[in-house]
Amino acid sequence: MTTNTTLSRQYFSRRLVVIGLSLLMAGACKKDDTDAPKANDRLMEVVIDNFNLSKFKAAADRSSMQPLLTSAGPLTVLAPSDAAFTEAGYPTTLSVGTAGISLMTRITGYHILNGNYDLNKMPFLFNQEIRTYNGGKLYVTRWVKDKDTVLTVNGSRVLAVGMKASNGTLQVIDRMLEPYLYETVTEAISAEPGLSLFSHALQRSGLSALLKGKGPYTVYAANNAAMTAYGYKTLEQIEAADPGVLAALLRYHIAADRRFVYDYILSTGSSAATTQNMLDDNIVKVQLTPDPLSPGLYNGITLQGPGNDAPVKLVKQNGITGNGVLHITDHVLKITK
């Protein structure tokens, strides 16, 4: 056998080995690509993996938002905790899963933002407006309280910040955000059956037109029981009243600002008391109410005018509209006795 023949056989043997190894490596790579998990680090997976977000998962399922939450994004999700859903009237995942589809679609879409929002990098300001996936308005506050940075959205606390996914970020909040149905505070007041007397007083006084403006406004609207106790028991009595007298009374229930309950908790010092300037240039005393489950913390407010014998409580709070916030009170705020 010649030397050239021997060298040729050795060359081809080596080539076969190289080709074989290349095929094995190619096969291994192909297998890795085939077995590679897909979209298992998306926002929907973060929700599924979090035991405290089972009701938000049910809401995403009910609203058919799963495809959105597994899309490329980027998105920011403000996911209410299970306790937040319970407080909003959804005690179980079944109650979420059987709720109206259109309602759950509005609610879920209101908790999703287009884009990656790092709330911890927003300015230290109250109620900064951002837009939701379905076009609604949200208001984010970043503030320092007792040396801690606190974030709120529509007055609800952000409990967990910046849970990362490949297609965005998830934040956990302590209250379910309700999409607002009304562009103005006037419309929201008119839609509340328990505010028919206050609503008519607004119209009679001419202030309803003001509350249809750009704002923002915060209204502390006295419910029908409160208006009745004050002396306006019927629509006829309000219709017979002097518009100027009504306007003077109602201006003491309106602030030219957007104020959620938690805004007062953040901005009030160690005395747990502050004041709110009203539209008539008078002030209302605001007192923080202690949280019975968390000593040293607060979970609400009461109001008191100089003419009130006792603090005025909020029976409904943080009703957001396009131009402000509506709170409902159990007594009329009084300037004088």
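Reply: Fine. This is a predicted model. To start, the side chains of glutamate 239 and arginine 204 form a salt bridge, 3.9 Å from N to O.

Me: Where in the chain are glutamate 239 and arginine 204?

Reply: Glutamate 239 is in helix H12 (residues 235-240) and arginine 204 is in helix H9, so the pair links distant parts of the chain, 35 residues apart.

Me: How many salt bridges does the structure hold?

Reply: Six. Among them is the one between glutamate 129 and arginine 131, at 3.6 Å from N to O. Glutamate 129 has 44% relative accessibility and counts as partly exposed; arginine 131, at 43%, is partly exposed as well.

Me: What about aspartate 118, which residue does it bridge to?

Reply: Lysine 121, with the closest N and O atoms 4.0 Å apart. Aspartate 118 is partly exposed at 33%, while lysine 121 is exposed at 69%.

Me: What does isoleucine 189 touch?

Reply: Not counting residues up to four places away in sequence, isoleucine 189 touches Leu195, Phe198, Ser199, Leu202, Leu211, Val219 and Leu326.

Me: Phe56 is in H3, I think. Which residues of helix H3 are buried?

Reply: In H3 (residues 54-62), the buried ones are Lys55, Phe56, Ala58, Ala59 and Ala60. Their cover includes helices H2 (43-49), H4 (66-69), H5 (82-87), H6 and H7 (101-110), plus strand E1 (75-80). After H3 comes serine 64, with a positive phi near 60 degrees.

Me: H6, then. Where is glycine 97, and what is its separation from alanine 59?

Reply: Glycine 97 is in helix H6 (residues 93-97). Glycine 97 is partly exposed, with a relative accessible area of 29%.

Me: And the loop between E1 and H5, which serine is there?

Reply: Serine 81. With a relative accessible area of 5%, serine 81 is buried, because the cut-off for buried is under 20%. Leaving aside neighbours within four places in sequence, serine 81 contacts Asn52, Leu53, Val172, Ile173 and Asp174.

Me: Last topic, the sheet. What is the strand order?

Reply: E9-E8-E14-E13-E12-E11-E10, seven strands in an open sheet with mixed pairing. Strands E9 (254-255) and E10 (273-277) are at the edges with a single partner strand each, so one side of each has no neighbour in the sheet.

Me: How do E13 and E14 run, and how many bridges join them?

Reply: Antiparallel, with five bridges between E13 (residues 312-321) and E14 (residues 324-329). In one of these, lysine 316 has isoleucine 328 of E14 as its bridge partner.

Conventions:
Residues are numbered from 1 along each chain as its sequence is written. This is a predicted model: local features need pLDDT of at least 70, side-chain atom pairs count only at pLDDT 80 or more; totals for chains, interfaces and linings use all residues. Side-chain values use heavy atoms; hydrogens and water are left out. Two strands pair if DSSP finds at least two bridges between them. Helices (H or I, at least four residues) and strands (E, at least two) are DSSP runs, numbered from the N terminus. Buried means under 20% relative accessible area, exposed over 50%, partly exposed in between (1.4 Å probe, protein chains only). Contact means heavy atoms within 4.5 Å.
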